[in-house]
Amino acid sequence: MLFFKKEYILRRHSADEIIDGHRVAGYQDITVTLDVQTLSAKEVVDVSGSRDEVILKTFGDFPVRVSKIEDGVRADQLLFDGRWYECKSSRLSENTILKHWTSTFELMLSNSAIEDGGEEEDD
């Protein structure tokens, strides 16, 4: 299915835990194969300054997780072009023989941890 696939880093968080009164979640960086397309990109200017607003659409053969606040699970994050994007939606498309997962990601406002290597979960 993936005609334009490449390898990307996907950050998958474990469930949140409360440690010393703070929410903490471990994560694991995994290499995934995706077809990533820029859906929209624009600069937004408001009272706090200017920022990029970028939305990606991805196609892959595995489920990508969205945030589940009630379960204490954070959304998967994708490292694309040196910036982190957070998954906002993911669904299985089964209407053709090319069954695949379609997901959308939005650029995260905080993009300070660009190439920190990731941390393994202690499970």
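Among contacts in the protein between residues at least 6 apart in sequence, what percentage join residues at least 24 apart? In this predicted model, the share is 54%, where a contact denotes heavy atoms within 4.5 Å.

Residues are numbered from 1 along each chain as its sequence is written, and side-chain values use heavy atoms, with hydrogens and water left out. Because the model is predicted, local features need pLDDT of at least 70 and side-chain atom pairs count only at pLDDT 80 or more, whereas totals for chains, interfaces and linings use all residues.

The protein contains eight strands and zero helices, giving the pattern β-β-β-β-β-β-β-β along the sequence. These elements are DSSP runs numbered from the N terminus, with helices (H or I) of at least four residues and strands (E) of at least two. Of the 123 residues, 33% count as buried; buried means under 20% relative accessible area, exposed over 50%, and partly exposed in between, with a 1.4 Å probe and protein chains only. The accessible surface comes to about 8,200 Å², and carbon and sulfur atoms account for 49% of it. Such areas come from the Shrake-Rupley method with a 1.4 Å probe, and for residues only the protein chains shown count as cover.

Two aromatic pairs are present. Rings of Phe, Tyr and Trp (its six-membered ring) pair if their centres lie within 6.5 Å; planes under 30 degrees apart count as stacked, over 60 as edge-to-face and the rest as tilted. The pair of Y8 and F80 is tilted, because the ring centres are 5.9 Å apart and the planes stand at 40°. Since Y8 belongs to strand β1 (residues 6-13) and F80 to strand β6 (residues 77-80), this pair ties together parts that are 72 residues apart in sequence. Y8 is buried at 12% relative accessibility, and F80 is buried at 17%. F80 also pairs with Y85, with ring centres 6.1 Å apart and planes at 70°, so this pair is edge-to-face. Y85 is likewise buried, and ring pairs join Y8, F80 and Y85 into a cluster.

A further ring, that of Y27, has the charged end of R11 over it, 4.0 Å from its centre. The criterion is NZ of Lys or CZ of Arg within 6 Å of the ring centre and within 35 degrees of the ring normal.

Mean pLDDT, the predictor's confidence in each residue from 0 to 100, is 80 for the protein, and 77% of the residues score at least 70. Among the elements, strand β5 (residues 49-60) has the lowest mean (80) and β6 the highest (96). Over residues 112-123 pLDDT stays under 50, and the model has 20 contacts beyond four places in sequence for this segment.
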